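Hello,

Here is the structure we talked about. My notes follow below it.

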Amino acid sequence: QELIQPTVVDPASFVAWKDEAFSIWTDVWAESYAEDSESRKLLKGLRESLYLVNIVDNDFITGDIFRVFSKILSLNLAK
């Protein structure tokens with residue numbers, strides 16, 4: 001039987017993981033490209049302009065986290 005338990009988000013761990021995740025773009029992937037390449041500029045730009053978010057559905061048994069995103073997308077498309 002599947003073990004059902006809530007997701008616990010530790011803010012300190014999330015911040016540390018965020019820094020590691022974003023550094024991979026510039027410290028690993030970007031290093032694969034020439035210093036002045038568009039690909040390297042893109043990866044560095046993404047690191048500087050994007051946000052990493054953690055979204056948790058607190059109704060972890062019957063919830064539908066994707067419903068929220070579908071609603072947002074449908075509202076934006078209707079504009």
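**What was found**

From the N terminus on, the chain's elements run α-α-α. It has three helices and zero strands. Helices (H or I, at least four residues) and strands (E, at least two) are DSSP runs, numbered from the N terminus.

The model is predicted: local features need pLDDT of at least 70, side-chain atom pairs count only at pLDDT 80 or more, and totals for chains, interfaces and linings use all residues. Residues are numbered from 1 along each chain as its sequence is written, and side-chain values use heavy atoms, with hydrogens and water left out.

Of the chain's 79 residues, 10% count as buried (under 20% relative accessible area, 1.4 Å probe, protein chains only).

Now the helix pair. H1 spans residues 11-29 and H2 residues 38-49; they pack at about 160 degrees, axes 9 Å apart. Axes are lines fitted to C-alpha atoms over the stretch in contact, and angles run from 0 to 180 degrees between N-to-C directions. H1 is therefore roughly antiparallel to H2 (over 145 degrees).

Phe22, Ser23, Trp25, Thr26 and Trp29 of H1 meet Leu43, Lys44, Leu46 and Arg47 of H2 (contact means heavy atoms within 4.5 Å). By class, that contact has five nonpolar, two polar and two charged residues. Here Ala, Val, Leu, Ile, Met, Phe, Trp, Tyr, Cys and Pro count as nonpolar, Asp, Glu, Lys and Arg as charged, and the others, Gly among them, as polar.

Ser23 counts as buried because its relative accessibility is 17%. Leaving out residues up to four places away in sequence, Ser23 touches Val28 and Arg47.

Best wishes

Conventions. Parallel < 35°, antiparallel > 145°, perpendicular 65-115°, else oblique. Buried < 20%, exposed > 50% of the residue type's maximum accessible area, 1.4 Å probe, protein only.
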